[in-house]
Amino acid sequence: MSAREWAAYVLLWIGVGIQVVCTLGLLVMRDALDRVHYAGAASFGLLLIGIAILVRESFSLIGDKALAAGLVAVIGSPVLMHVTMRSARVAEHGEWQPQPEEHVQVEQP
Amino acid sequence: VSSALRIAAFWSATWLVLGAFWLLLVDTLELAELLTGAVVVTIGATGSELVRANRVARVRFRMRWLLRAYRPALMVPRDLLVLAAEIVRALTGRRHPADGGLRAMRFDGGGNDPLDNGRRALVEWLGSLSPNAFVVGIDVERDLIVVHQLRRRGDPAQVMDPLDLR
(Lines give C-alpha, C1' and ligand atoms only; values in the text may rest on other atoms or scores of the structure.)
Protein backbone atom coordinates (compact mmCIF):
# COMPACT_ATOMS: atom_id res chain seq x y z
CA MET A 1 0.00 0.00 0.00
CA SER A 2 1.33 3.45 -0.88
CA ALA A 3 1.80 6.30 1.61
CA ARG A 4 -1.12 8.06 -0.04
CA GLU A 5 -3.43 5.12 0.57
CA TRP A 6 -2.23 4.84 4.16
CA ALA A 7 -2.96 8.53 4.73
CA ALA A 8 -6.43 8.12 3.21
CA TYR A 9 -7.19 5.14 5.45
CA VAL A 10 -5.96 6.89 8.61
CA LEU A 11 -8.08 9.98 7.84
CA LEU A 12 -11.05 7.79 6.98
CA TRP A 13 -10.93 5.79 10.21
CA ILE A 14 -10.40 8.85 12.39
CA GLY A 15 -13.40 10.42 10.64
CA VAL A 16 -15.48 7.27 11.13
CA GLY A 17 -14.32 7.14 14.76
CA ILE A 18 -15.58 10.66 15.34
CA GLN A 19 -18.93 9.74 13.80
CA VAL A 20 -19.21 6.69 16.07
CA VAL A 21 -18.39 8.80 19.14
CA CYS A 22 -21.01 11.37 18.10
CA THR A 23 -23.65 8.71 17.54
CA LEU A 24 -22.88 7.14 20.92
CA GLY A 25 -23.05 10.57 22.54
CA LEU A 26 -26.50 11.19 21.10
CA LEU A 27 -27.64 7.85 22.50
CA VAL A 28 -25.98 8.09 25.91
CA MET A 29 -26.54 11.73 26.93
CA ARG A 30 -29.84 12.41 28.66
CA ASP A 31 -29.96 16.19 28.33
CA ALA A 32 -31.01 17.74 25.00
CA LEU A 33 -28.40 20.50 25.23
CA ASP A 34 -25.67 17.92 25.90
CA ARG A 35 -26.72 16.04 22.77
CA VAL A 36 -26.31 19.17 20.66
CA HIS A 37 -22.55 19.05 21.32
CA TYR A 38 -22.35 15.61 19.70
CA ALA A 39 -24.52 16.60 16.75
CA GLY A 40 -22.19 19.52 16.08
CA ALA A 41 -19.00 17.50 16.42
CA ALA A 42 -20.15 15.08 13.70
CA SER A 43 -19.23 17.70 11.10
CA PHE A 44 -15.52 17.17 11.86
CA GLY A 45 -15.92 13.46 11.14
CA LEU A 46 -17.52 14.36 7.84
CA LEU A 47 -14.67 16.73 7.00
CA LEU A 48 -12.02 14.09 7.71
CA ILE A 49 -13.87 11.53 5.59
CA GLY A 50 -14.06 14.13 2.82
CA ILE A 51 -10.33 14.82 3.08
CA ALA A 52 -9.67 11.06 3.00
CA ILE A 53 -11.61 10.82 -0.27
CA LEU A 54 -9.69 13.82 -1.62
CA VAL A 55 -6.35 12.24 -0.70
CA ARG A 56 -7.34 9.01 -2.43
CA GLU A 57 -9.03 10.49 -5.51
CA SER A 58 -7.07 13.77 -5.78
CA PHE A 59 -8.79 16.90 -7.11
CA SER A 60 -11.56 15.45 -9.24
CA LEU A 61 -15.34 15.40 -9.40
CA ILE A 62 -15.63 13.09 -6.41
CA GLY A 63 -12.71 14.60 -4.46
CA ASP A 64 -13.96 18.17 -4.86
CA LYS A 65 -17.48 17.22 -3.83
CA ALA A 66 -16.28 15.35 -0.77
CA LEU A 67 -14.14 18.28 0.36
CA ALA A 68 -16.92 20.80 -0.34
CA ALA A 69 -19.41 18.72 1.66
CA GLY A 70 -17.02 18.54 4.61
CA LEU A 71 -16.21 22.25 4.54
CA VAL A 72 -19.86 23.27 4.25
CA ALA A 73 -20.68 21.06 7.24
CA VAL A 74 -17.87 22.47 9.41
CA ILE A 75 -18.60 26.09 8.45
CA GLY A 76 -22.37 25.77 8.82
CA SER A 77 -22.53 23.48 11.85
CA PRO A 78 -21.62 26.09 14.53
CA VAL A 79 -24.42 28.37 13.31
CA LEU A 80 -26.91 25.50 13.23
CA MET A 81 -25.93 24.31 16.71
CA HIS A 82 -25.97 27.83 18.15
CA VAL A 83 -29.49 28.39 16.81
CA THR A 84 -30.64 24.94 17.96
CA MET A 85 -29.33 25.51 21.47
CA ARG A 86 -30.83 28.98 21.68
CA SER A 87 -34.20 27.75 20.39
CA ALA A 88 -34.19 24.89 22.89
CA ARG A 89 -33.63 27.33 25.74
CA VAL A 90 -36.34 29.69 24.48
CA ALA A 91 -38.74 26.74 24.22
CA GLU A 92 -37.91 25.62 27.76
CA HIS A 93 -37.62 28.94 29.60
CA GLY A 94 -39.30 31.49 27.33
CA GLU A 95 -35.96 33.26 26.79
CA TRP A 96 -32.41 32.06 26.20
CA GLN A 97 -30.82 34.04 29.04
CA PRO A 98 -29.79 32.18 32.22
CA GLN A 99 -32.61 31.89 34.75
CA PRO A 100 -32.19 32.75 38.47
CA GLU A 101 -32.74 29.12 39.49
CA GLU A 102 -29.81 28.04 37.31
CA HIS A 103 -27.39 30.01 39.53
CA VAL A 104 -25.08 30.96 36.65
CA GLN A 105 -22.30 33.12 38.03
CA VAL A 106 -20.62 35.79 35.94
CA GLU A 107 -16.95 34.81 35.68
CA GLN A 108 -14.10 37.25 35.35
CA PRO A 109 -11.94 37.00 32.23
CA VAL B 1 -29.65 54.68 -10.52
CA SER B 2 -26.63 54.11 -8.32
CA SER B 3 -28.71 51.83 -6.08
CA ALA B 4 -29.81 49.76 -9.09
CA LEU B 5 -26.22 49.58 -10.30
CA ARG B 6 -25.06 48.51 -6.88
CA ILE B 7 -27.68 45.75 -6.74
CA ALA B 8 -26.71 44.62 -10.25
CA ALA B 9 -23.03 44.61 -9.31
CA PHE B 10 -23.59 42.53 -6.15
CA TRP B 11 -25.95 40.17 -8.01
CA SER B 12 -23.40 39.66 -10.82
CA ALA B 13 -20.53 39.11 -8.40
CA THR B 14 -22.57 36.55 -6.43
CA TRP B 15 -23.63 34.89 -9.70
CA LEU B 16 -20.00 34.53 -10.79
CA VAL B 17 -18.82 33.13 -7.46
CA LEU B 18 -21.69 30.62 -7.29
CA GLY B 19 -21.16 29.72 -10.93
CA ALA B 20 -17.48 29.02 -10.32
CA PHE B 21 -18.42 26.85 -7.34
CA TRP B 22 -20.94 24.95 -9.47
CA LEU B 23 -18.31 24.27 -12.14
CA LEU B 24 -15.90 23.10 -9.45
CA LEU B 25 -18.48 20.66 -8.19
CA VAL B 26 -19.70 19.22 -11.51
CA ASP B 27 -16.28 19.31 -13.18
CA THR B 28 -17.76 19.24 -16.70
CA LEU B 29 -18.75 21.62 -19.49
CA GLU B 30 -21.70 19.56 -20.74
CA LEU B 31 -24.56 21.79 -21.91
CA ALA B 32 -27.15 20.14 -19.63
CA GLU B 33 -24.97 20.76 -16.55
CA LEU B 34 -24.26 24.34 -17.61
CA LEU B 35 -27.96 25.10 -18.08
CA THR B 36 -28.88 23.47 -14.77
CA GLY B 37 -26.10 25.41 -13.11
CA ALA B 38 -27.27 28.69 -14.64
CA VAL B 39 -30.77 28.20 -13.22
CA VAL B 40 -29.53 27.16 -9.77
CA VAL B 41 -26.97 29.96 -9.62
CA THR B 42 -29.58 32.54 -10.70
CA ILE B 43 -31.89 31.42 -7.89
CA GLY B 44 -29.00 31.53 -5.42
CA ALA B 45 -27.77 34.97 -6.50
CA THR B 46 -31.30 36.42 -6.45
CA GLY B 47 -32.01 35.03 -2.98
CA SER B 48 -28.69 36.31 -1.70
CA GLU B 49 -29.32 39.77 -3.11
CA LEU B 50 -32.87 39.91 -1.69
CA VAL B 51 -31.45 39.26 1.78
CA ARG B 52 -28.55 41.68 1.33
CA ALA B 53 -30.72 44.47 -0.11
CA ASN B 54 -33.14 44.21 2.84
CA ARG B 55 -30.28 45.13 5.16
CA VAL B 56 -31.59 42.98 7.99
CA ALA B 57 -28.25 43.45 9.69
CA ARG B 58 -25.23 45.14 8.19
CA VAL B 59 -22.00 43.54 9.26
CA ARG B 60 -18.35 44.50 8.97
CA PHE B 61 -15.27 42.69 10.17
CA ARG B 62 -11.76 43.80 10.95
CA MET B 63 -9.07 41.73 9.28
CA ARG B 64 -7.27 41.17 12.59
CA TRP B 65 -10.43 39.52 13.98
CA LEU B 66 -10.53 37.06 11.09
CA LEU B 67 -6.84 36.29 11.52
CA ARG B 68 -7.64 34.94 15.00
CA ALA B 69 -9.97 32.28 13.56
CA TYR B 70 -7.27 29.65 14.03
CA ARG B 71 -7.63 29.87 17.83
CA PRO B 72 -10.96 28.01 18.17
CA ALA B 73 -9.81 25.58 15.45
CA LEU B 74 -6.82 24.60 17.61
CA MET B 75 -9.21 23.64 20.42
CA VAL B 76 -11.13 21.13 18.27
CA PRO B 77 -8.94 17.98 18.69
CA ARG B 78 -8.82 18.38 22.49
CA ASP B 79 -12.57 18.99 22.68
CA LEU B 80 -13.29 15.89 20.60
CA LEU B 81 -11.35 13.88 23.21
CA VAL B 82 -13.39 15.58 25.95
CA LEU B 83 -16.60 14.50 24.21
CA ALA B 84 -15.34 10.91 23.98
CA ALA B 85 -14.29 10.94 27.65
CA GLU B 86 -17.72 12.19 28.69
CA ILE B 87 -19.34 9.17 27.04
CA VAL B 88 -17.09 6.86 29.09
CA ARG B 89 -17.93 8.83 32.24
CA ALA B 90 -21.66 8.63 31.45
CA LEU B 91 -21.53 4.89 30.75
CA THR B 92 -19.62 4.21 33.98
CA GLY B 93 -22.01 6.36 36.03
CA ARG B 94 -19.40 8.99 36.89
CA ARG B 95 -20.99 11.84 34.96
CA HIS B 96 -23.24 14.24 36.88
CA PRO B 97 -25.61 16.84 35.40
CA ALA B 98 -23.60 19.60 37.09
CA ASP B 99 -20.45 18.59 35.17
CA GLY B 100 -21.67 20.68 32.25
CA GLY B 101 -23.93 23.66 31.84
CA LEU B 102 -24.03 27.38 31.28
CA ARG B 103 -21.14 29.75 31.92
CA ALA B 104 -21.27 33.54 31.64
CA MET B 105 -18.67 36.26 31.35
CA ARG B 106 -18.63 40.02 30.87
CA PHE B 107 -18.67 40.91 27.17
CA ASP B 108 -19.23 44.34 25.65
CA GLY B 109 -22.35 43.76 23.57
CA GLY B 110 -21.96 47.05 21.73
CA GLY B 111 -24.61 48.72 19.61
CA ASN B 112 -26.20 48.18 16.24
CA ASP B 113 -23.45 49.52 13.98
CA PRO B 114 -22.00 47.12 11.37
CA LEU B 115 -18.76 46.54 13.29
CA ASP B 116 -20.55 45.55 16.50
CA ASN B 117 -22.94 43.32 14.53
CA GLY B 118 -19.96 41.67 12.87
CA ARG B 119 -18.10 41.26 16.16
CA ARG B 120 -21.06 39.53 17.82
CA ALA B 121 -21.74 37.34 14.77
CA LEU B 122 -18.09 36.26 14.62
CA VAL B 123 -17.98 35.42 18.33
CA GLU B 124 -21.22 33.44 18.13
CA TRP B 125 -20.07 31.58 15.01
CA LEU B 126 -16.42 30.80 15.73
CA GLY B 127 -17.00 30.60 19.48
CA SER B 128 -19.28 27.66 18.69
CA LEU B 129 -16.77 25.89 16.44
CA SER B 130 -15.06 23.79 19.06
CA PRO B 131 -17.52 21.07 20.14
CA ASN B 132 -17.23 21.29 23.93
CA ALA B 133 -18.60 24.84 23.99
CA PHE B 134 -21.41 26.57 22.14
CA VAL B 135 -22.23 30.25 22.44
CA VAL B 136 -25.89 30.47 23.45
CA GLY B 137 -25.99 34.21 23.04
CA ILE B 138 -24.65 37.67 23.78
CA ASP B 139 -26.88 39.72 26.04
CA VAL B 140 -26.37 43.30 24.84
CA GLU B 141 -28.44 44.75 27.68
CA ARG B 142 -26.45 43.10 30.45
CA ASP B 143 -23.15 42.92 28.52
CA LEU B 144 -22.84 39.17 29.00
CA ILE B 145 -21.77 36.28 26.84
CA VAL B 146 -23.41 32.96 27.72
CA VAL B 147 -21.82 29.66 26.72
CA HIS B 148 -22.95 26.06 27.21
CA GLN B 149 -20.22 23.52 27.91
CA LEU B 150 -20.67 19.76 27.93
CA ARG B 151 -17.80 19.53 30.43
CA ARG B 152 -17.18 22.68 32.43
CA ARG B 153 -13.47 23.33 31.98
CA GLY B 154 -10.94 25.88 30.82
CA ASP B 155 -10.11 29.52 31.40
CA PRO B 156 -13.30 31.61 30.95
CA ALA B 157 -11.75 34.05 28.50
CA GLN B 158 -10.22 31.29 26.38
CA VAL B 159 -13.43 29.26 26.32
CA MET B 160 -16.02 32.03 25.94
CA ASP B 161 -14.09 34.54 23.87
CA PRO B 162 -11.33 32.71 21.99
CA LEU B 163 -11.12 35.57 19.46
CA ASP B 164 -10.48 38.11 22.23
CA LEU B 165 -13.22 40.48 21.04
CA ARG B 166 -14.75 41.44 24.38
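Guide: Welcome! Contact here means heavy atoms within 4.5 Å. This is a predicted model, where local features need pLDDT of at least 70, side-chain atom pairs count only at pLDDT 80 or more, and totals for chains, interfaces and linings use all residues. Residues are numbered from 1 along each chain as its sequence is written, chains are lettered from A, and side-chain values use heavy atoms, leaving out hydrogens and water.

Visitor: How many residues of chain B are in contact with chain A?

Guide: By that 4.5 Å rule, 42 residues of chain B touch 38 residues of chain A.

Visitor: What area do chain B and chain A bury between them?

Guide: Buried area is the accessible area (1.4 Å probe) that two parts lose on being put together, summed over both. For these chains that comes to about 3300 Å², with 73% of it on carbon and sulfur atoms. On the chain B side, Ile87(B), Phe134(B) and Val136(B) lose the most area to chain A, together 18% of what that side buries.

Visitor: Why is the link between Glu124(B) and Arg86(A) called a salt bridge?

Guide: The term asks for a side-chain nitrogen of Lys or Arg within 4 Å of a carboxyl oxygen of Asp or Glu. The closest N and O atoms of Glu124(B) and Arg86(A) are 3.7 Å apart, so the pair qualifies.

Visitor: What makes strand S1 of chain A and S1(B) a pair?

Guide: Strands (E, at least two residues) are DSSP runs, numbered from the N terminus. Two strands pair if DSSP finds at least two bridges between them. S1 of chain A (residues 106-107) and S1(B) have 2 bridges, in the parallel sense, and therefore pair. Glu107(A) has Met105(B) as its bridge partner in S1(B).

Definitions and conventions:
Helices (H or I, at least four residues) and strands (E, at least two) are DSSP runs, numbered from the N terminus.
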